[in-house]
Structure formats: structure tokens, C-alpha cells
Amino acid sequence: MILTDANPSDLALVLAHTHALWGDGLSGSEYEEFITTLMASDWAKEGRYRFLMARENEGQPIVAAVKLYRFRARLAGVPIEVGGVGAVFTMPDHRRRGVAAAMLARVHELMAARGDAASI
């Protein structure tokens with residue numbers, strides 16, 4: 001499984017599928033503007049928000065997508081970095097094949113590699 005940051009064409013495809021799920025009353029264009037604004041934010045540039053696309057292999061179509069967050073927390077008074085997973089989505093033609101599970105395994109590898117102490 002290969003995870004890459006969303007590019008505009010990837011984003012348009014996934015948002016067209018997820019708008020009804022997570023658009024919260026926004027029109028399609030408002031939903032896309034909201035996500036692209038978030039992706040361009042200082043918060044995202046600091047590595048605290050990523051919209052990742054999953055492909056089974058390089059050059060193949062998107063099979064799933066996930067949002068990856070990072071925030072600071074305290075555990076027993078000690079500051080830690082925590083990874084967060086959100087908006088897990090599998091393309092309809094790829095459901096019930098273990099795609100989301102494989103993607104989440106890769107996401108947890110990414111969080112561990114960047115030093116996150118925990119994930120939610």
C-alpha cells in the first residue's frame with residue numbers, strides 16, 4: 001500500500017465521494033474549498049494535518065483515503081505528540097477487501113516513524 005499526500009485531482013475524486021458523508025450542509029464547491037483551505041493552512045504546513053490517498057501500487061488508482069492529524073498532549077504531565085486518524089474512506093469498488101485495514105496499518109507506521117507516542 002502506497003500513501004501519498006492528496007493532489008488536486010485526487011482530492012476532487014475523493015471529495016465527490018465523501019461530500020454526502022462529511023459535507024455538513026456545504027455545497028460541493030464549499031466542501032472542496034473548506035478542505036483545500038485546511039490543506040493550505042499553517043497548521044497543515046507544520047505537519048499537523050495531512051489528507052492521504054492510498055493506492056495498492058505506484059501509478060494505480062486511488063483505493064482509499066484518510067486524514068492524518070498530529071497534536072500535542074500531556075500524559076502524566078509529560079508533553080507528547082499524538083497522531084489522530086479521521087475520515088477513513090474506501091472507494092466503493094474496493095470495499096470488503098481489507099483496503100482500509102492495510103491503509104490504517106501504513107498510517108500507524110507513519111505515526112510511529114515520526115515519533116508519535118500514541119494515536120487515536
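Student: Is Trp43 buried, exposed or partly exposed, and how do I read that?

Tutor: Keep in mind that this is a predicted model. Partly exposed covers what falls between under 20% (buried) and over 50% (exposed). Trp43 has 35% relative accessibility, so it counts as partly exposed.

Student: How many aromatic pairs does the structure hold?

Tutor: There are three aromatic pairs. One of them joins Trp43 and Tyr69: the ring centres sit 5.9 Å apart with the planes at 40 degrees, so call that pair tilted.

Student: What does the pair of Trp43 and Tyr69 tie together?

Tutor: Trp43 belongs to helix 3 (residues 42–45) and Tyr69 to strand 3 (residues 62–75), so their pairing links parts 26 residues apart in sequence. As for Tyr69, its relative accessibility is 25%, so that residue counts as partly exposed.

Student: How do I describe the pair of Tyr49 and Tyr69?

Tutor: In general, you describe a pair of aromatic rings by the distance of the centres and the angle of the planes. For Tyr49 and Tyr69 that gives 5.4 Å centre to centre and 55 degrees between the planes, a tilted pair. Tyr49 lies in strand 2 (residues 49–55) and Tyr69 in strand 3, so here the parts tied together are 20 residues apart in sequence.

Student: Is Tyr49 buried or exposed?

Tutor: Buried: Tyr49 comes out at 3% relative accessibility, and the cut-off for buried is under 20%.

Student: Which residues form the aromatic cluster?

Tutor: Trp43, Tyr49 and Tyr69 make up one aromatic cluster.

How values were computed
Residues numbered from 1 in each chain as written. Predicted model: local features only at pLDDT ≥ 70, side-chain atom pairs only at ≥ 80, totals over all residues. Heavy atoms only, no water. Phe/Tyr/Trp six-rings, centres within 6.5 Å; stacked < 30°, edge-to-face > 60°. Helix = DSSP H or I, 4+ residues; strand = E, 2+ residues; numbered from the N terminus. Buried < 20%, exposed > 50% of the residue type's maximum accessible area, 1.4 Å probe, protein only.
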